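Welcome! Please take a look at the structure below and keep it open while you read.

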Amino acid sequence: MELVFATNNAHKVKEIQAILGDEFRLLSLKDIACEEDIPEEQETLEGNASQKAFYVYDKYGYNCFADDTGLEIEALNGEPGVYSARYAGEEKNSEANMQKVLDKLKKINDRKARFRTVISLVVNGEEVLFEGIVNGEILQERRGGAGFGYDPIFRPDGKDQSFAEMELSEKNKISHRGRAVQKLVEHLKGTEHKSL
């Protein structure tokens with residue numbers, strides 16, 4: 001089964017292909033020669049995921065899924081949320097984004113946070129949404145060199161390590177994206193998409 005994953009993020013493609021296994025062939029935007037910036041103009045994760053998936057489906061004719069992920073920090077009223085990728089500016093710099101979070105939480109003891117991923121799957125024009133959440137806390141400093149984004153400063157509940165200190169396989173079992181993808185996979189495997 002061939003599906004386009006609406007991203008140019010090689011980390012994400014690798015992460016999700018590992019969860020999907022051999023039954024699915026994941027194509028990136030590069031694979032379908034989509035080089036333009038897909039708009040993400042919505043105020044919610046659901047809206048952005050949906051906008052991206054339908055953009056690829058409508059313009060390129062591929063069945064597609066797109067995700068949007070936000071880090072939601074309780075003490076910051078859910079920030080950075082939908083603005084997670086560009087929290088510190090339009091250049092989407094992970095280091096600057098992490099630093100902004102650490103600076104804002106400097107004098108705050110309540111460091112509860114969650115990662116939330118929403119996936120929009122569009123197959124033959126029909127959309128289904130999936131959500132994955134992992135609760136945890138923001139660390140005082142960066143830890144670990146794996147992962148991407150906010151992984152070095154996020155420790156999931158019940159774990160001693162940050163996401164950036166974990167093996168990819170371990171992170172996939174518990175991560176927000178892993179949980180949303182698991183729902184996506186169960187849906188795909190449980191539905192007869194003979195037309196794909």
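Here is a short tour of a strand residue, a helix and a loop residue.

This is a predicted model, in which local features need pLDDT of at least 70, side-chain atom pairs count only at pLDDT 80 or more, and totals for chains, interfaces and linings use all residues. Residues are numbered from 1 along each chain as its sequence is written, and side-chain values use heavy atoms, with hydrogens and water left out.

**Asp 67**
- Look for Asp 67 in strand S3, residues 64–73 (strands are DSSP runs of E, at least two residues; helices are runs of H or I, at least four; both are numbered from the N terminus).
- Asp 67 counts as buried because its relative accessibility is 1% (buried means under 20% relative accessible area, with a 1.4 Å probe and protein chains only).
- Its side chain lies 3.0 Å from the side chain of Arg 177, making a polar contact (a pair of N or O atoms within 3.5 Å; within protein, one must be able to donate a hydrogen and the other to accept it, and residues adjacent in sequence count only if both atoms are side-chain atoms).

- An α-helix has 3.6 residues a turn, so residues three or four places apart point the same way.

**Asn 63**
- Asn 63 belongs to the loop between helix H2 (45–60) and S3.
- With 11% relative accessibility, Asn 63 counts as buried.
- The side chain of Asn 63 reaches the backbone nitrogen of Asn 124 at 2.8 Å.

Conventions. Buried means under 20% relative accessible area, exposed over 50%, partly exposed in between (1.4 Å probe, protein chains only).
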